[in-house]
Amino acid sequence: MNPEKLVNTIVDALEDIKAYDIDVIDVSKITALFGYIIIASADSTRQTKSLANNVQEKVKAAGGR
């Protein structure tokens with residue numbers, strides 16, 4: 001899965017569960033470990049857990065790991 005498709009899948013999954021202040025930061029010129037950092041906010045611990053689970057499910061469904 002290419003990085004742009006992965007970022008779009010993650011942002012869509014975060015928006016599904018009503019995350020807000022979603023920021024995608026390109027760090028590929030700073031570090032070789034990864035290309036992007038995605039930061040999102042939630043209103044509660046329960047919502048944060050739901051966000052993480054939804055991202056995991058959507059990435060797996062799109063063919064990521």
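The model is predicted: local features need pLDDT of at least 70 and side-chain atom pairs count only at pLDDT 80 or more, while totals for chains, interfaces and linings use all residues. Residues are numbered from 1 along each chain as its sequence is written, and side-chain values use heavy atoms, with hydrogens and water left out.

Asn-54 lies in helix H2; helices (H or I, at least four residues) and strands (E, at least two) are DSSP runs, numbered from the N terminus. Asn-54 counts as buried because its relative accessibility is 10%. Buried means under 20% relative accessible area, exposed over 50% and partly exposed in between, with a 1.4 Å probe and protein chains only. Not counting residues up to four places away in sequence, Asn-54 touches Ala-13, Asp-16 and Ile-17, where contact means heavy atoms within 4.5 Å. With neighbours within four places left aside, Ala-13 is in contact with Asn-54, Val-55 and Lys-58.

Ala-13 and Val-55 also belong to the largest nonpolar core, whose seven residues include Ile-10 and Leu-51. Such a core is a set of buried Ala, Val, Leu, Ile, Met, Phe, Trp, Tyr and Cys residues joined through side-chain atoms within 4.5 Å. Helix H1 (3-16) and helix H2 (45-61) are the elements that give two or more residues to this core.

In H1, Val-7, Thr-9, Ile-10, Val-11, Ala-13 and Leu-14 are buried. The buried residues of H1 pack against strand S1 (20-26), strand S2 (36-41) and H2. Just after H1, Lys-18 takes a positive phi of about 70°.

The protein chain has two helices and two strands, in the pattern α-β-β-α along the sequence. Some values for the whole chain follow.

| Property of the protein chain | Value |
|---|---|
| Box filled by C-alpha atoms, along the principal axes | roughly 35 × 25 × 15 Å |
| Residues that count as buried | 20% of 65 residues |
| Contacts with a separation of 6 or more that join residues 24 or more positions apart | 45% |
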